[in-house]
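Grab the model and work through these exercises with it. Each one sets a task and then walks through a solution.

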Amino acid sequence: QVHLVESGGGLVQPGGSLRLSCAASGIIFSINAMGWYRQAPGKQRELVATIDSDFSPNYGDSVKGRFTISRDNAKNTVYLQMDSLKPEDTAVYYCVADIITSIQADIGHYWGQGTRVTVSS
């Protein structure tokens, strides 16, 4: 069984910064892509950023130039550094990871429980 646990959400003023973390635990053989999605009230879930196992990042248009995704493969952890935050970044942020649990297993797509980010003065 695999778990993704996010941390680092909270309340921040516009223009401020936050750093989210997501650690994968459980029976893990390897992790392919990891990333973040977000869902604001009344809106659909949208891509924030993903990062491949070779550290290639991909960003949603609304966060390019402000957010930075990174990962530590030794810790099975993905990070999201969020700078120059705007009120429209307010959402629940979900960690996602494509994980193989054994050499014979297929890739599983796992989600965290979400962490809330509120940008407000």
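Predicted model: local features only at pLDDT ≥ 70, side-chain atom pairs only at ≥ 80, totals over all residues.

Residues are numbered from 1 along each chain as its sequence is written, and side-chain values use heavy atoms, with hydrogens and water left out.

**Exercise 1.** Work out the strand order of the open sheet.

- Strands are DSSP runs of E, at least two residues, numbered from the N terminus, and two of them pair if DSSP finds at least two bridges between them.
- β1 (2–7) and β7 (67–72) are the edges, each pairing on one side only.
- Now zoom in on β1: six bridges join it to β3 (residues 18–26), and Glu6 stands opposite Cys22 in β3.

**Exercise 2.** Find which residues touch the most other members of the largest nonpolar core.

- Such a core is a set of buried Ala, Val, Leu, Ile, Met, Phe, Trp, Tyr and Cys residues joined through side-chain atoms within 4.5 Å; buried means under 20% relative accessible area (1.4 Å probe, protein chains only).
- Among its 29 residues, the answer is Trp36, Leu80, Met82 and Tyr93.
- By strand, β9 (91–100) gives the largest share, five residues.

**Exercise 3.** Is Thr77 buried or exposed?

- Start with its place, strand β8.
- Its relative accessible area is 8%, so Thr77 is buried.
- Its side chain reaches the backbone oxygen of Lys75 at 2.8 Å.

Conventions:
Helix = DSSP H or I, 4+ residues; strand = E, 2+ residues; numbered from the N terminus. Buried < 20%, exposed > 50% of the residue type's maximum accessible area, 1.4 Å probe, protein only. Polar contact = N/O pair within 3.5 Å; in protein donor to acceptor, adjacent residues only side chain to side chain.
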